[in-house]
Amino acid sequence: MLPLETPLLLTLLLVANSLAQRVRPPRPPTLISSIQPKARFNAQQFSGTWLLVGVGSACRFLQEQGHQAEATTLHVTPQGAAMVINTSRKLDGICWQVRQLYRDTEVAGRFLLQAQGARAPVHMVVAVTDYQGFAILYLERARQLSVKLYARSLPVSDSVLSVFEQQVRSANLTEDQILYFPKYGFCKAADQFHILDEVRGR
């Protein structure tokens, strides 16, 4: 005959095992978590229009389809501590605009885009900028990091390109993984039928 303490001990062991199975291991830190944002980042100074110059990324699709890259424009509007970003580019010769809300993370210069559907969220850090000439942004989605260079106007100076290439290397990417975008063919505007507004209703 089992001692009276045995059923109680078995019950405690089963409960402990059940709780252990429910506790999920902590998520590994994001790759972008080690990237420091621009000191004393000022969203008002960062607002306005930016032209995409180049992207450093290990994304296979970007490398394989880079020859189809289109001139891309960002228009940034602060919304409290967050930022609304309108991205404009051509698709099959037609200008499209995507409007997205990059939420505040309580760290100036660090933002989060809560993607719709099954897509992973996008973490973004404004790492380097002089506000008037250029900006270098880091973005991470599904643990894939990319480095983007934007400018207020084109062309950019060799010194800015050098800073960008240095940032790409610091992200464990190579210069062969940099794609430079066209310097012409930017969209002026998209009609109402070619605007994807992901901010509305949020």
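Predicted model: local features only at pLDDT ≥ 70, side-chain atom pairs only at ≥ 80, totals over all residues.
Figure 1. Strand 1 (48–57), helix 3 (60–64), strand 3 (82–91), strand 4, strand 6 (122–129), strand 7 (134–141) and strand 8 (144–151) each contribute at least two residues to the lining of the largest pocket. Of these elements, strand 3 gives the largest share of that lining, with five residues. The space within the largest pocket amounts to about 1,400 Å³, and among the 40 residues that line it, Leu62, Thr87, Arg89, Arg141 and Lys148 are the closest to its centre. By residue class, the lining of the largest pocket comprises 22 nonpolar, nine polar and nine charged residues.

**Figure 2. The whole protein chain, as context for the close-up views.** The protein chain contains four helices and ten strands, and these elements follow one another along the sequence in the pattern α-α-β-α-β-β-β-β-β-β-β-α-β-β. Of the 202 residues in the protein chain, 37% are buried.

**Figure 3. Strand 7 and its antiparallel pairing with strand 6 and with strand 8.** Strand 6 and strand 7 run antiparallel and are joined by seven bridges; within this pairing, histidine 123 has glutamate 140 of strand 7 as its bridge partner. The two strands form a hairpin in which four residues lie between strand 6 and strand 7, and tyrosine 131 in the turn adopts a positive phi of about 70°. Strand 7 is largely enclosed by the rest of the structure, because seven of its eight residues are buried.

**Figure 4. The disulfide formed by cysteine 95 and cysteine 187.** The sulfur atoms of cysteine 95 and cysteine 187 lie 2.2 Å apart, and the two residues form a disulfide; the count for the model comes to one disulfide. The torsion about the S-S bond is -100°, which makes the link of cysteine 95 and cysteine 187 left-handed. This pair links distant parts of the chain, given that cysteine 95 belongs to strand 4 (residues 94–104) while cysteine 187 sits in the loop between strand 9 (178–180) and strand 10 (195–197), at a separation of 92 residues. Cysteine 95 and cysteine 187 are both buried. Isoleucine 94, which is also found in strand 4, is partly exposed, with a relative accessible area of 39%. Between isoleucine 94 and cysteine 187 the C-alpha to C-alpha distance is 8.7 Å, although the two residues are 93 residues apart in sequence.

**Figure 5. Phenylalanine 41 and phenylalanine 111, an edge-to-face aromatic pair.** Five aromatic pairs are found when the whole structure is searched. In the pair formed by phenylalanine 41 and phenylalanine 111, the ring centres are 6.0 Å apart and the planes make an angle of 75°, an edge-to-face arrangement. The pair links distant parts of the chain, with phenylalanine 41 in the loop between helix 1 (5–22) and helix 2 (43–46) and phenylalanine 111 in strand 5 (residues 110–113), 70 residues apart. Phenylalanine 41 has a relative accessibility of 10% and therefore counts as buried, and phenylalanine 111, with a relative accessible area of 3%, is buried too. One aromatic cluster is formed by Phe41, Phe46, Trp50, Phe111 and Tyr131; of its members, tyrosine 131 lies in the turn of the hairpin that strand 6 and strand 7 form.

**Figure 6. Phenylalanine 164 and tyrosine 180, an edge-to-face aromatic pair.** The rings of phenylalanine 164 and tyrosine 180 are 6.3 Å apart, centre to centre, with 70° between their planes. Since phenylalanine 164 lies in helix 4 (residues 158–170) and tyrosine 180 in strand 9, the pair ties together parts that are 16 residues apart in sequence. The two partners are described by separate accessibility values: phenylalanine 164 is buried, with a relative accessible area of 0%, whereas tyrosine 180, at 38% relative accessibility, counts as partly exposed.

Technical notes:
Residues numbered from 1 in each chain as written. Heavy atoms only, no water. Disulfide = S-S within 2.5 Å. Buried < 20%, exposed > 50% of the residue type's maximum accessible area, 1.4 Å probe, protein only. 1 Å grid on protein atoms, 1.4 Å probe; cavity = no way out; pocket = protein on both sides within 12 Å on 5 of 7 lines; lining within 4 Å. Points joined across faces, edges and corners; volume = space filled by probe spheres on them. Nonpolar A, V, L, I, M, F, W, Y, C, P; charged D, E, K, R; others polar. Pairing = 2+ DSSP bridges. Phe/Tyr/Trp six-rings, centres within 6.5 Å; stacked < 30°, edge-to-face > 60°.
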